Amino acid sequence: MDYFEPKTVSEALALLAQHGAEAKVIAGGTDVMVDIKYKEEPGCLVNIKKLPGLGAIQANGGSLRIGPLVTIHDIETNALAREKLPVLWEACHQFASLQIRNTATIGGNICRASPSGETLAPLLVLEAKAKMAFPDGEKTEPFTSFFQGPGKSSVGAKGLLTGIDVPYPAPGSHGVYLKHAVRGAMDIAMVGVAVMVTTNAAKNSLQDARIGLGAVAPTPIRATKTEALLRGKPLTAALVKEAAAMAAAESSPISDQRSSAEYRRWIVEALTRRGLEQTWKAATGKEVV
Amino acid sequence: MSLTINTTINGTPVSASAEPSTSLLEFLRDTLEYKGTKLCCNTGECGACTIIFNGKPINSCVTMAADAIGAQITTIEGLADGDTLHPVQQAFIDTGAVQCGYCTPGYIISVKVLLDRTTKPTAEDIEEAVSGNICRCTGYTKIVDAIQLAADRMAGRS
Amino acid sequence: MAKAEYTVLGTSPARMGGVERVIGKGIYGIDLALKDELHGGILRSQYAHAKIVSIDTSEARKLPGVHAVVTAVDAPDVRYGRTYIDRYMLAKNKVRYMGDPVAAVAADSPAIVKQALKKIKVVYEPLPVVIDQEEAMKPEAPTLHDDMPLPKNLPEGVKVKNVCSYTVVHVGDPDKAMAEADVVVDEVYETKMIHPQYLEPRIAAAQVEPDGRITVWANAQAPFGVRTDVARLLGVPLNRVRVLSTELGGGFGGKASGITSGAAIEPICALLAVKAKRPVMIVLDKAEETISTTIRSGAKMYIKTGVKKDGTIVARTGKVVYDAGAYSGFGAMAGARCTNMLGGWYLMPNCHIDGYVVYTNKQVCGPVRGPGGPQAAFAVESHMDSLAAKLGMDPIEFRLKNTPKAGDKIVGVPKLRDVSLDETITTAAEKIGFKQVGAQFVAPALGKNQGIGIATGSWIESAGPGGGAVVKVNEDGSVTVHIGKIDMGTAPRFGIPLIAAEELGVPVSDVTVVNVDTDASPWDAGTVGSRAIIVSGTATKLAAIDARNQLFKMAASQLEASPDDLEIKDKQIRVKGTPSKSVALATIATNAHNVIGEVIGRGYCDNLAMMAEEKAHGNSPPFTTHACIVEVSPDTGNVKILKYVAVHDVGFPIHPVAVEGQIEGATAMSIGQALCEQVVFDNNGRTMNPSFVDYLMPTINMMPRIETTLVHGYPGAGPYGAKGAGEIACVPPMAAIANAIYNATGVRIHKLPLSPENVLRGLKAAGKA
């Protein structure tokens, strides 16, 4: 296996272009090392941890710019991330173990493009954008279109994720990330639900509602029909019930060794309901009635 | 292709070669003969391979040996002060938290990092520090006792 | 604090061997490295059931760095097995589960081993696969073992397939009694396959010595069992094989080769070493372990009980269908135990239970921590609550109504000498928060979606073989103890040193318990069956007394006293009551060189005598009751244990912290089986969750504090009245949790695990979610 530690993004891109399908990018390594041990060694390993400028969290006016090499624990311990982006922060807080969080990078979690990736549904709900570099230039794309299938993203075989731009939610927004697992953070999420609501000024109806679902489709998804159902309405118990059922119907989970598709749909319904109830209460100070 | 790994382990500079595919765990155990860090799941799920890497606990089984270049690494072998055990080591013995002992080095490393940060760990702190360390022998009860006893001793409360 | 009459027994000094474990010494099997060693690896079947048409190893042999490639043709045509001799160490003619070893390679590096295994060409003719043990009994099922006869004791007219053994329990006239019962409950319970998942992978290392003997290193619970297997399968006499035990990173019955017939990696390794003419070491991978090594079987249990209106149990009938896996392994014995225990440990005047142990194309049953017991108790103790509910009776009261008393018999125990069951029940009830008001047990106030449950259990220590001990008093007065059992956090380095120290009057720190070397250690069945303190404890006690007697005999003349008047205190042998008349222990031990050569005390646990004693005066089995409070999330099915108590009778706890540790650990293991563990298969027999990513073991965040209470006053068959403690705590937890879920939700779950999905499914089926 060839091994490279490129010092610049262009060097990295050149290596990817040269080695094509033989090349594998490694950052923290918590996924790729397991692949190397238990699947195939790639023809060439490209360690991008030496690339400068990709490991910082920067406040950028109305958004947080997170470098792809930022570790999950770095996000967890970042006061600004916790204050401004609680949905993302919570996902990082429920991400595997402390040992893994100290090594795993948000870029790795994103580019792995696993449907159950912890940070993915939150990024969709926050309407974050991916900054990518390719041989022929840079590109920015919202995460809502970035994921194309299990293991497939816009980065592809030739690109590099160079930045994650997360706009701060509008004032009056409240979000939660709820992970369903048997044991807790250590489990791969059986279902992940990110809910963010923005109330109107009078705090009696939903100006905006965003629901991100993880592990229940070939990619993380937004439950757009459910969001449309909710927008502009006061949140009542009946509406919560309807929305939760609709979110479950919008998901297309599979049955696997972890659980059945039917159960995953039940959980989407349960967590969407919980998420709406919790965010409404946080936003308005009142229980859903 | 062989890489030269220059790193520092328990304060001692070392230099040895490794393949790019060599994990830090393999490097420690097989190349450098530090047997204290244990091989179990080899997938980052059990914490038996936990070491301190630039001040942070990590799973060495899913870390590249190559990433150890220039790093400061502490393994279980680096905790005792000569013949004097580290308070966490002593507490694990004193509360009966060592049965087969296989999870013990990884646990002690995780707990040391926690108690260096705070000697008044809450239940949440403990959970965060060691949720990634699996023990199959103790059922965790005496491990929690050991963490509390070590904390009390390190804080001078006992 | 020691019990008044003892010096160290009943105290909990630091574990022998603790320091090297906390400073990270390389003491385990996996830390071993032999000089000049080759790496070994095993090729396993890719089909759950298939004929082996051909195996072509030529390409693998040609690979540079490969020193040996072996298949069944390279070994003697000998099979092995615990109860039934039905297994080759490398599959011959047929493979019967996906982990079945087919070939093995020894090569210069793990990478070359991997490449060589890929180059071995095996042509299979796939056969139909049967995963479910009830399906395997049907006439249309494929036959797994053409040459294994059906059990001779099968009932008349029963036509079954793939049954490896059959047990029947019959007491009284159950059909008649059942017909006369006032209330009958008829249920089915099911448990799934669990892997013991010790953290340290299994290894074997072997080398041929200059004199042709084979030395084998193994992290095995039963080193003498390994010796038997290696000698038998390689066709050499026992004295030409030496097994050295390394320290073990956990075992739980899964590293008990020789007893399990489970994985035989040691004979395979020895064969490679012989063929390669170099030392070979095999290290299994944890994912490989889940697929191939021995497991706790799943069981399907039919249980029907008739009771009188007043709550008296009058009859039980039932059936156990126990999954042996691809070979008989420990299945016959575990299935028999499960069948017996389905009769419960309450008064049972009429009972009939049929127990079938059935071959399926899956991993093989091993003696995993309390084999057969947890499964039976899940059924029995859940069923007890169902009976109580139908009677409209309190579950605790109902149990107390049916507990045996001294002199009674229960299924499997013809005569009870004393019975701690009642005390464990009432103590557990109190500890979990019940208040006893007359005959009533008033539950504590519980929050929304919370429930409380109890479950009792028993575990009769296996009526296994005896074993010996040798206690040597060195010339400086220090003591070396040889037993045939290994230490994996169990009695050998906790309680055993205390026994030697107590009888010889030396400090515990002066005692060393050495690891097993089959050339030098006394034969033993190994650290299994909750027998370590009973067998090795008794043997060590007698050996220490024997050594002490030899010392006193030699000291007597010097001190001008009778040996009966002597005692050992503070390393001095002295006359009782006249401490000034003394001589140093070291002096007498040194003098022994001129008299008897060396002070060697010998003792053994006389199993026949123990059984005769129990026959004459009755048995005092260990009993237990566990209780817990849980909270169920009604929308997700997640179960959180809020409080957990374990009450145990262990006779006399020689090292209380060690006993607690075993109870807490075994409880946790069964909490895992209750809430999150199972081996999952697809229809082809492929294990779908071999790694820790999806084989979920309990992590600290989901575990309650396990509050242990020991009850006293019921001496057991072990030394100083000790009873075994390694396995029994595995027995009640699944039912305790299931009963608490029932109490919280009104939903009875019959199938393990009590995973969020299964709980939610149960709630939805009952219209409660």
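I take buried to mean under 20% relative accessible area, exposed over 50%, and partly exposed in between (1.4 Å probe, protein chains only).

**Conventions.** I am working on a predicted model, in which local features need pLDDT of at least 70, side-chain atom pairs count only at pLDDT 80 or more, and totals for chains, interfaces and linings use all residues. Residues are numbered from 1 along each chain as its sequence is written, chains are lettered from A and ligands numbered from 1 in the order in which they are written, and side-chain values use heavy atoms, with hydrogens and water left out.

**Entry 1: salt bridges in chain C.** I searched the whole structure for salt bridges (a side-chain nitrogen of Lys or Arg within 4 Å of a carboxyl oxygen of Asp or Glu). I recorded 73 of these salt bridges over all chains.

I looked at C:Asp146 and C:Lys94, whose side chains form a salt bridge with an N to O distance of 4.0 Å. This pair links distant parts of the chain, 52 residues apart: C:Asp146 lies in the loop between helix H4 (133–137) and strand S7 (163–171) of chain C, and C:Lys94 lies in strand S4 (residues 94–95). For these elements I use DSSP runs numbered from the N terminus, with helices (H or I) of at least four residues and strands (E) of at least two. C:Lys94 is buried at 8% relative accessibility, whereas C:Asp146 is exposed at 64%.

I then turned to C:Lys485 and C:Asp524, which meet in a salt bridge at 2.6 Å, N to O. This pair also joins distant parts of chain C, 39 residues apart, with C:Lys485 in the loop between strand S20 (479–483) and helix H13 (495–504), and C:Asp524 in the loop between strand S21 (511–514) and helix H14 (532–559). Both C:Lys485 and C:Asp524 are buried.

**Entry 2: salt bridges in chain A.** I noted a salt bridge between the side chains of A:Asp256 and A:Arg264 at 3.2 Å, N to O. A:Asp256 is partly exposed at 24% relative accessibility, while A:Arg264 is buried with a relative accessible area of 2%. I also found a network of salt bridges that links A:Glu127, A:Asp208, A:Arg210, A:Arg222, A:Glu227 and A:Arg231.

**Entry 3: chain A as a whole.** I listed 12 helices and 14 strands in chain A. The radius of gyration of chain A is 19 Å, close to the 19 Å that the globule rule gives for 289 residues, so chain A is as compact as a globular protein of that length. The radius is taken over C-alpha atoms, and the rule is 2.2 Å times the number of residues to the power 0.38. The C-alpha trace of chain A spans about 60 × 45 × 35 Å along its principal axes. Buried residues are 60% of the 289 in chain A.

I next examined contacts (heavy atoms within 4.5 Å). Of those in chain A with a separation of 6 or more, 59% join residues 24 or more positions apart.

**Entry 4: chain B as a whole.** Chain B has 5 helices and 5 strands, in the order β-β-α-β-β-β-α-α-α-α from the N terminus. I found 67% of the 158 residues in chain B to be buried.

**Entry 5: B:Asp67.** Which residues are in contact with B:Asp67, leaving aside its neighbours within four places in sequence? I found A:Ala27, A:Asn47, A:Lys49 and B:Phe53. B:Asp67 sits in the loop between strand S4 (56–59) and strand S5 (72–74) of chain B, and B:Asp67 is buried at 14% relative accessibility.

**Entry 6: chains B and C.** I counted 42 residues from chain B and 48 residues from chain C in the contact. The buried area, which is the accessible area (1.4 Å probe) that two parts lose on being put together, summed over both, is about 3,600 Å² between chain B and chain C, with carbon and sulfur atoms giving 62%. In chain B, the residues that lose the most area to chain C are B:Gln99, B:Tyr102 and B:Arg136, together 22% of what that side buries.

I recorded 6 salt bridges between chain B and chain C. I also looked up C:Asp31 and B:Arg29, whose side chains meet in a salt bridge at 2.7 Å, N to O.
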